[in-house]
Amino acid sequence: METVAVFERVSEMQFAQGWLDAIGGDAPQAQHIFSTIRLPERATAGSAGYDFFAPETFALPPGASLRIPTGIRVKIAAGWLLAIFPRSGLGFKYRLQLDNTVGIIDSDYYHADNEGHIFIKITNDSKDGKALTVPAGEGFAQGIFLPFGLAEGDHAQAERHGGFGSTTK
């Protein structure tokens, strides 16, 4: 298999800014959470997905959503992307869903103004009234690297600066 990417942490300052904006709390709490962030990893040699781990314990009652700053960025080779999905078991048991269905991390997102900080917004769409709790350090989403192609006549030249939704502005 081909190595196409490397996971890194964003800077502590970038993480704290994202955490305080999305979750709240205070700077010392964000600093502590940053120190515990695990880089995504595969669980087995045959796993396609790299698990993203919860930076802190979170609970989602049915119908609730949460935007999670992961503290992670990824440098991806040209011609590849990272697709993010809920972990299969959580999707099956709780109907855990990403609010944008599938997260697409482009290779140029690494150079975005926010250091390519990956946020994952999830919703517990349980129809059975099941509340979901994910302990700190447990996987809740998974990323899979996929190749992509270009259409004939493609002439994209713009450079990315922002994050979500910035490429259509």
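Between which two strands does the loop holding E115 lie? The answer comes in the last of these close-up views, all taken from a predicted model.

**View 1. Helix α1 and the residues it buries.** Let us start with helix α1, which covers residues 12-22. Here Q14, F15, A16, G18 and W19 are buried. The buried residues of this helix pack against three elements: helix α2 (27-35), strand β4 (65-69) and strand β9 (119-124). After α1 comes G24, where phi is positive, near 100°.

**View 2. Where helices α1 and α2 meet.** Follow the two helix axes and you will find that α1 and α2 come within 9 Å, crossing at roughly 120°. An angle of this kind makes α1 oblique to α2. The crossing of the two helices is right-handed. On the α1 side, the contact is made by E12, F15, A16, W19 and L20. On the α2 side, look for A27, Q29, A30, Q31, I33 and F34. Sorted by class, the contact of α1 with α2 has eight nonpolar, two polar and one charged residues.

**View 3. A four-stranded sheet.** Now turn to an open sheet of four strands, in the order β2-β11-β6-β8, again with antiparallel pairing. Strands β2 (50-53) and β8 stand at the edges with a single partner strand each, so one side of each has no neighbour in the sheet. Neighbouring strands of this sheet are turned by 30° against each other on average, direction ignored. Strands β6 and β8 run antiparallel and are joined by four bridges. Opposite I84 stands G103, a residue of β8.

View 4. Is A83 buried or exposed? With a relative accessibility of 2%, A83 counts as buried because the cut-off for that class is under 20%. You can find A83 in strand β6 (residues 80-86). Although A83 and G103 are 20 residues apart along the chain, their C-alpha atoms are separated by 5.5 Å.

**View 5. Two loop residues with positive phi.** Most residues other than glycine have a negative phi, and most peptide bonds are trans. T101 is a residue other than glycine, yet its phi is positive, near 70°. You will find T101 in the loop between β7 and β8 (103-106). T101 counts as exposed, at 61% relative accessibility. E115, which is not a glycine either, has a positive phi of about 65°. And here is the answer to the opening question: E115 lies in the loop between β8 and β9.

How values were computed. Residues are numbered from 1 along each chain as its sequence is written. This is a predicted model: local features need pLDDT of at least 70, side-chain atom pairs count only at pLDDT 80 or more; totals for chains, interfaces and linings use all residues. Side-chain values use heavy atoms; hydrogens and water are left out. Buried means under 20% relative accessible area, exposed over 50%, partly exposed in between (1.4 Å probe, protein chains only). Contact means heavy atoms within 4.5 Å. Axes are lines fitted to C-alpha atoms, for helices over the stretch in contact, and angles run from 0 to 180 degrees between N-to-C directions. Angles under 35 degrees count as roughly parallel, over 145 as roughly antiparallel, 65 to 115 as roughly perpendicular and the rest as oblique. A crossing is left-handed if the near helix is turned anticlockwise from the far one by less than a right angle, and right-handed if clockwise. Ala, Val, Leu, Ile, Met, Phe, Trp, Tyr, Cys and Pro count as nonpolar, Asp, Glu, Lys and Arg as charged, and the others, Gly among them, as polar. Two strands pair if DSSP finds at least two bridges between them.
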